[in-house]
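This briefing covers a ligand site and a few backbone features in one structure. Please look over the sequence and the 3D view before reading on.

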Amino acid sequence: MSRTARVGVLVSGRGSNLQALLDAAADPWYPADIAVVVSNVPGAYALERAAAAGVAAHTVDHRGKPRADFERELIATLGEVDFVCLAGFMRVLTPTFLDAFPERVLNIHPALLPAFPGTHGAAQALAAGVTQAGATCHLVDAGVDTGPILAQGSVPVLAGDTEAALAARILAVEHRLYPLCLRWMAEGRVVVTNRRASVQLQTGESRWITGA
Ligand code: GRF
C-alpha cells in the first residue's frame, strides 16, 4: 500500500478551495491528507474551515518583514509536507520558497491560462468578450500563473453575466479540478518535461472538464 501524501495549504481568504480539498481528503481512499493550513492574513475564514476539520491552522503574517524572511517562516511552519497547495493565497512566491518544494507546489487560477493571469480572471474574461471562461490547476514556478498546466475546466460566458455570476460559475469548476489534480500528484502520475506536464490518465479521466 502506498503512503498517503502530506499536504500543506496556503490561504489568504474565504477558503472554498481549501474546503474542496478537505472534503476530498475526508475520503479514506483519497491519496492525500491535508496536514496543515497556513494563512498570511490573520482571521481569514479559511482558518476556521481548517479548525473545523481538525487540521492544524497557523498564521504567518507577511507584513513588516522582508519577503525572504516571510517565505522561510512559511517553510518552517509547513514542516514536512510532500505538496503545497495555494488556495486563494494572495502572495507571489519566490525561489526562496519554491526551491524547498521543487515541482510540488500547486495553484488554482480562475481563468483558462495562459489567458488572463494575475487577479480578477472573471472580470478579464468579460472585458475581453470571450465566450468560454474557466479555471486552470497548475504547478507553480517563479512567474505569475506561468507554471506547467495540470488540468483545465471551462464554463460558458452567458449573456448579461456579471463578474460575480461568472466567478461563481468558474469557482464550481475550481472545486472539481483541484482535488483531481492533487490526486494525480499524490499518486505520482504527473511528469514534467520542458515545463510541460503530462499525466498518466486512467479510464474516464480527462485533463479538460466542462461546467454548467
Ligand atoms: C479562487 O478564485 C482561486 O482561483 C483564486 O483565488 C480564489 C480563492 O477562493 N486563486 P477561495 O479562497 O478558495 O474561496
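Predicted model: local features only at pLDDT ≥ 70, side-chain atom pairs only at ≥ 80, totals over all residues.

**Ligand shell**

- The largest pocket is the space that the ligand takes up.

**Polar contacts and burial of the ligand**

- The side chain of Ser16 has an N or O atom 2.5 Å from an oxygen atom of the ligand.
- At Asn17 the backbone takes part instead: one of its polar atoms lies 2.8 Å from a ligand oxygen atom.
- A polar backbone atom of Ile108 is 3.0 Å from a nitrogen atom of the ligand.
- The ligand taken alone exposes 370 Å², and the protein buries 84% of that area.

**Loop between E5 and H5**

- Leu113 and Pro114 are joined by a cis peptide bond, with omega at about 10°.
- Pro114 belongs to the loop that runs between E5 and helix H5 (121–128).
- His120 is also placed in the loop between E5 and H5.
- The phi of His120 is positive, at about 55°, although the residue is not a glycine.
- Is His120 buried or exposed? His120 counts as exposed because its relative accessibility is 54%, and the cut-off for exposed is over 50%.

**Loop between E8 and E9**

- Asn194 is located in the loop between strand E8 (190–193) and strand E9 (196–199).
- Asn194 is not a glycine, yet its phi is positive, at about 50°.
- With a relative accessible area of 70%, Asn194 is exposed.

**Points to check in the view**

- For the backbone, inspect the cis bond between Leu113 and Pro114, then the positive phi values of His120 and Asn194.

How values were computed. Residues numbered from 1 in each chain as written. Heavy atoms only, no water. Polar contact = N/O pair within 3.5 Å; in protein donor to acceptor, adjacent residues only side chain to side chain. Areas by Shrake-Rupley, 256 points an atom, 1.4 Å probe, with all protein chains shown as cover. 1 Å grid on protein atoms, 1.4 Å probe; cavity = no way out; pocket = protein on both sides within 12 Å on 5 of 7 lines; lining within 4 Å. Sits in = over half its atoms within 2 Å of the grid points. Helix = DSSP H or I, 4+ residues; strand = E, 2+ residues; numbered from the N terminus. Buried < 20%, exposed > 50% of the residue type's maximum accessible area, 1.4 Å probe, protein only.
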